[in-house]
Amino acid sequence: MHVMFHRYGQFAGGIDLPDENASTIDQPIGMVDSVATLRVPLAPCGTAGASPVVDVGTNVQCGERLAAAPGPGGVDIFAPAAGRVAALTTAVVRHGRDLLACPAIELTDIHGGCGMGAAREVRDWRTVSSNTIRQQLAEGQIATSRPRPEPLIRWVQRAVATACQDLIVNAMENQPYITADHRLLVEYGPQVMQGLAILALACEARQVFLAVDARRTRDYASLVEPAIQYSVNRVALPHKYPIGADPILIKVLTRREVPLGGRPTDIGAAVIDASTCLAAYRWVACGQRLTGRVVTVNGDGVARPGNVFVPFGTSCHDLLGETDAPCVLGGPMTGRQVDGDAVVSPACESVLAVTPTPHAPPSQCIRCGWCRDHCPVRLNVAMLNDMYELGDVAQAEHLGVTACVGCGVCSYVCPARLPLTDRVRRLAGTVRHHRRSMPLLSDMAPSPAAEADR
Ligand code: SF4
Ligand code: SF4
């Protein structure tokens, strides 16, 4: 009998977080209720907007090209549903830890979204060369679903250029509420494994890993045979946040550390997610464009929690319905609060409506050391907080502030309720800016949100 998943090790620091996913984890992926309007973002990769190739008033079909990429850093944009081009507008999307206001095409008279229906294979990708696969991926114009999306072909080219040793699918998904990748692996496991094999061929990776939560492995029986067929190492890791942060996961799996300010590919590792693997399979094998993604809709302010396939450009308001709870794009630890007008893009794995817990205002640091003890990269966060208050960027750099993975653990554990994550992030941003040019004092100004609590 085959070993389903190998169990791996741990990392120092981190915390146990509640799951808060009982209402979504066993529910099959559904379809979003029909929406009246989509605002399809034209710059999901954070570049200049793609150039529209359709006029206002045109009727378009699902999957039809709406806009042409602005250059190699962006992707072409395709209609997520049949409808009429009503206007050129703007939309707010998530991009990494930031929000981005980008140009968008408004579609109305929506009828017939592209959906997640069964896809028939029209190409045999198993018999073609790495070069041919890369060419097909380039034609696919797929944006990755990582928090900071980029054209998939660009991610592949970087992996090839740095002689990718290890290709890792990060399906740890260990922030509360979120189960989108989990449901993808349960319902589309064999297709995700084929997408991973396609990317492994494109990247010419020597080893391939699928990393999942050790408590969920018995739900993934359907992907074991295809994983064996495509030589995918299946790894089950403990539920401890933030093991799903790429640098932490790479270190747990390979014992190699991403250098300060570097990328995983600098140490021969390339990390991707289940959603992008599925998109690669559906395009390369079935010729289906990427026009939406599976999103977890959850939180105490949501009437109907679940995982749904959502066309790009759907607003948070359409997903959440009427709610008084603040809307969060992304997870509760690393996501950003937005108004209901923000829209779903490739980087949006969850839309939450969670009522914040009332708490007292921040007080003075009491030197308990919890922030340092729990920081997964062992930063002296209390001292970095001092450096923030003193405006001492040079000392913050000396303390290694750019190693922060933005996990939010320090703020979560701090008994003084200091907005540590926001401050460390601002310090790290200023250090990076210093490295590129002269300092900008405005970079050190605390955000209104962070300082409102003071
Ligand atoms: S300093 Fe950064 S990496 Fe360390 S706990 Fe805080 S947010 Fe996480
Ligand atoms: S957890 Fe908060 S109170 Fe404790 S040392 Fe860190 S900053 Fe100070």
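Asp246 sits in helix H5, which covers residues 246–254. In this predicted model, Asp246 has a relative accessibility of 19%, so the residue counts as buried. Leaving aside residues up to four places away in sequence, Asp246 touches Arg146, Asn170 and Val271. From here, let's take a friendly walk through strands, helices, a ligand and a loop.

**Around strand S13**

- Val271, one of the residues that Asp246 touches, belongs to strand S13, which spans residues 269–272.
- Strand S13 is covered on both faces.
- On one side of S13 you will find Ala269 and Val271, on the other Ala270 and Ile272, and all of these are buried.
- Strand S10 (residues 166–171) runs parallel to S13, and 4 bridges join the two.
- Within this pairing, Ile168 stands opposite Val271 in S13.

**Helix H1 and its partner H2**

- Helix H1 takes in residues 130–140 and helix H2 residues 152–161; their axes are 8 Å apart, and the helices pack at an angle of about 150 degrees.
- Because angles over 145 degrees count as roughly antiparallel, H1 and H2 are described as roughly antiparallel to each other.
- From H1, the residues that take part are Arg134, Leu137 and Ala138, and they meet Leu152, Ile153, Val156 and Val160 in H2.
- Sorted by class, the residues of this contact are 6 nonpolar and 1 charged, with no polar ones.

**Helix H1 and its partner H6**

- H1 also comes together with helix H6 (residues 274–284): their axes come within 10 Å and cross at roughly 100 degrees.
- On the H1 side, the contact is made by Ile133, Gln136, Leu137, Glu139 and Gly140, while H6 brings Ala280, Trp283 and Val284.
- The classes in the contact of H1 with H6 are 5 nonpolar, 2 polar and 1 charged.

**A six-strand sheet**

- An open sheet is formed by 6 strands, and reading across gives the order S2-S15-S14-S18-S16-S17, with mixed pairing.
- Strand S2 (30–31) and strand S17 (336–338) are the edge strands, each pairing on one side only.
- Inside that order, strand S14 (residues 292–298) and strand S18 (residues 350–353) pair in the parallel sense over 3 bridges.
- To see that pairing at residue level, look for Val297, which stands opposite Val351 in S18.

- Thr355 has its place in the loop between S18 and helix H8 (370–374).
- Is Thr355 buried, partly exposed or exposed? Its relative accessibility is 44%, so Thr355 counts as partly exposed.
- Not counting residues up to four places away in sequence, Thr355 touches Asp300, Ala325 and Pro326.
- Thr355 and Ala68 are 287 residues apart along the chain, and their C-alpha atoms are separated by 40 Å.

- Which residues come nearest to ligand 1? Of the 13 residues around it, these are Cys375, Cys404, Val405, Cys407 and Cys410.
- By class, the shell around ligand 1 holds 10 nonpolar and 3 polar residues, and no charged ones.

Definitions and conventions:
Residues numbered from 1 in each chain as written. Chains lettered and ligands numbered in written order. Predicted model: local features only at pLDDT ≥ 70, side-chain atom pairs only at ≥ 80, totals over all residues. Heavy atoms only, no water. Axes fitted to C-alpha atoms, helices over the stretch in contact; angles between N-to-C directions. Parallel < 35°, antiparallel > 145°, perpendicular 65-115°, else oblique. Contact = heavy atoms within 4.5 Å. Nonpolar A, V, L, I, M, F, W, Y, C, P; charged D, E, K, R; others polar. Pairing = 2+ DSSP bridges. Near = heavy atom within 4 Å. Buried < 20%, exposed > 50% of the residue type's maximum accessible area, 1.4 Å probe, protein only.
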